[in-house]
Structures are given as C-alpha cells and as structure tokens.
Amino acid sequence: MKIQERTGAGAGRSAAPAQPSVGDRLPTPPRERKPALAALAVLLILVGALGATMLVLQAGDRIEVVKVTKEIQAGESVGDNVTSVMVAADDSVNYIKWEQLSTLKTLKARTTIYKDTVVMGQMFAKTASLPAGKASVGLALKEGTYPADIKAGDVVSAYRVSTTGSSSNNSDSNTGSGGTSTSGSGAIVENARVNSVNEDDDATVSTGNLSLTLLVDEADAAALASAAAANQVAVVHVPGN
C-alpha cells in the first residue's frame with residue numbers, strides 16, 4: 001500500500017503544466033506618447049503646403065515685358081529690334097511692359113544695351129546723352145569709302161582721303177575702288193564706334209551713299225568733322241567687332 005501511494009504522488013508531480021490557450025496573448029507594455037513630435041510633424045506638413053501654394057501663385061503672376069534682340073548703342077532708339085518675354089511680376093523692378101512699347105520707341109538709350117537684355121525704365125531718356133568725354137560726329141560717305149557690311153555697333157578707324165578725278169593715280173599712292181586715295185599714313189580717329197547707319201537712296205535708284213554717326217573722343221571730333229565736311233573721310237573695320 002505504501003509503495004502504491006508514493007508512485008501515485010510522483011506521477012502527479014511529473015505531469016506537464018497546463019499550456020495557455022492559443023487565443024491568449026502576452027500583455028504588452030503601454031506605448032510612450034510624444035505629443036511634441038506629433039505637433040512638429042503637423043507643422044512641417046502645413047509649412048510645406050503653404051510653400052507650394054505660394055510657388056503656384058507666383059508662377060501664375062507673370063507680366064509681358066520688352067527684351068531687345070540686337071545691341072542698342074547710346075543715343076539710339078530700340079526701333080523694331082525688340083521682342084516680348086514673360087517674367088515674374090516684381091514691383092521693385094522697373095520693367096518696361098510690352099504695352100508701353102510705343103512710348104519706349106520715342107526714347108533714347110543712355111548707354112549701350114546688349115542683345116537679349118530685358119530693358120528697364122532707367123536705361124532710357126527723352127533726349128540722347130553721350131558718355132563723358134565722347135562726341136557724336138556724322139559722316140556722309142560715298143560708295144567705296146566704307147565696308148559693305150558696316151553696321152551699328154562696329155568698331156572702325158577713320159582716315160583722311162583725297163578724291164581723285166582721273167582714272168589713273170600716281171604709282172606711290174594708295175588707291176581705293178571708289179576713286180579715293182589716302183593723303184596721310186595716320187588715322188584721324190582710331191577705334192570709333194558706329195552709332196547708326198542710314199543708306200542715302202531713294203525709292204528707285206540706289207546711290208551707294210551712306211550716312212554714319214560715329215562715337216569718338218572729344219579730342220578727335222574737330223579733325224573728323226573738318227574732314228567730313230570736305231568729303232575726305234573713309235572708314236575701315238578694325239579688330240574688336
């Protein structure tokens with residue numbers, strides 16, 4: 001009897017512990033809440049949305065303004081050398097709007113305005129103004145005393161020439177195709193800039209004559225004007241164009 005009781009007691013102690021049911025879960029620790037981080041995330045989202053909205057609004061607020069398509073020299077008008085471009089509206093920038101083009105054409109450039117520049121009001125004045133120490137001299141040139149491809153903005157030198165009436169010249173003279181020869185080895189003006197070019201021809205006959213306006217140093221203006229009055233000027237291209 002005693003042996004049986006001990007065996008029964010041991011059998012009871014060696015029995016496997018009861019397993020929890022499959023549906024039961026172990027308890028998890030409560031999550032730590034961070035309200036400051038949540039508020040920061042919301043704030044960043046709002047700032048990003050506001051920035052995107054401002055960019056969209058600014059992109060839509062554009063105006064049509066004037067841009068020059070070729071170099072405009074001091075004292076010149078833009079003429080038809082313009083096009084329109086769209087830019088972001090900015091009250092701090094004195095843009096010339098496309099609708100003001102007719103008024104712009106009556107104004108003169110204060111200084112050289114380079115090609116593809118979006119122009120502004122302070123670049124122009126009602127009357128032409130010259131840079132300090134410069135003078136504007138007009139020339140009436142005959143065919144053969146100027147380069148065929150001369151244009152506004154070119155850099156030229158002006159020489160004094162004498163007109164020859166005969167078909168032949170002295171062998172030691174430098175004769176041009178237009179019946180002119182240089183009367184001196186030095187230039188009247190070097191590195192003058194062409195301000196404007198106008199062809200002197202009528203509707204039916206091209207005379208080949210050309211009117212130029214040169215921007216020169218004041219010290220050279222008198223000599224050049226004197227030679228021009230006597231029709232004794234020829235111009236040539238020089239490096240720098």
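Q: Where does Leu 44 sit?
A: Leu 44 belongs to helix 2, which covers residues 35-60. Helices here are DSSP runs of H or I with at least four residues, strands are runs of E with at least two, and both are numbered from the N terminus. The model is a predicted one: local features need pLDDT of at least 70, side-chain atom pairs count only at pLDDT 80 or more, and totals for chains, interfaces and linings use all residues. Residues are numbered from 1 along each chain as its sequence is written, and side-chain values use heavy atoms, with hydrogens and water left out.

Q: Is Leu 44 buried or exposed?
A: Leu 44 counts as exposed because its relative accessibility is 56%. The cut-offs are under 20% relative accessible area for buried and over 50% for exposed, with partly exposed in between (1.4 Å probe, protein chains only).

Q: Which residues make the nonpolar surface patch?
A: The patch is made by Leu 37, Leu 40, Leu 43, Leu 44 and Val 47, and comes to about 490 Å². Patch residues have over 30% relative accessible area and no salt bridge; nonpolar side chains (Val, Leu, Ile, Met, Phe, Trp, Tyr) are joined within 5 Å, like charges within 9 Å. Accessible areas come from the Shrake-Rupley method with a 1.4 Å probe, and for residues only the protein chains shown count as cover.

Q: Changing topic, how many salt bridges are there in the whole structure?
A: A search finds four, where a salt bridge is a side-chain nitrogen of Lys or Arg within 4 Å of a carboxyl oxygen of Asp or Glu. One of them joins the side chains of Arg 193 and Glu 71, at 3.8 Å from N to O. That pair links distant parts of the chain, 122 residues apart: Arg 193 is in strand 8 (residues 189-200), and Glu 71 is in the loop between strand 1 (62-68) and strand 2 (82-88).

Q: How accessible are those two?
A: Arg 193 is partly exposed, at a relative accessible area of 29%. Glu 71 is also partly exposed, at 26%.

Q: What does Asp 80 pair with?
A: Asp 80 forms a salt bridge with Lys 105, and their closest N and O atoms are 2.9 Å apart. Asp 80 lies in the loop between strand 1 and strand 2, while Lys 105 lies in the loop between helix 3 (101-104) and strand 3 (108-109), 25 residues apart. With 64% relative accessibility, Asp 80 counts as exposed, whereas Lys 105, at 33%, counts as partly exposed.

Q: And which side chain meets Asp 217 in a salt bridge?
A: That of Lys 134, at 2.7 Å from N to O. Asp 217 is in strand 9 (residues 209-217) and Lys 134 is in strand 5 (residues 134-141), so the pair ties together parts 83 residues apart in sequence. Asp 217 counts as partly exposed at 36% relative accessibility, and Lys 134 is partly exposed with a relative accessible area of 30%.

Q: What about Thr 145, buried or exposed?
A: Thr 145 counts as buried because its relative accessibility is 6%. Thr 145 is placed in the loop between strand 5 and strand 6 (155-163).

Q: Finally, how many helices and strands does the protein have?
A: The protein has four helices and 10 strands. Of its 241 residues, 24% count as buried.
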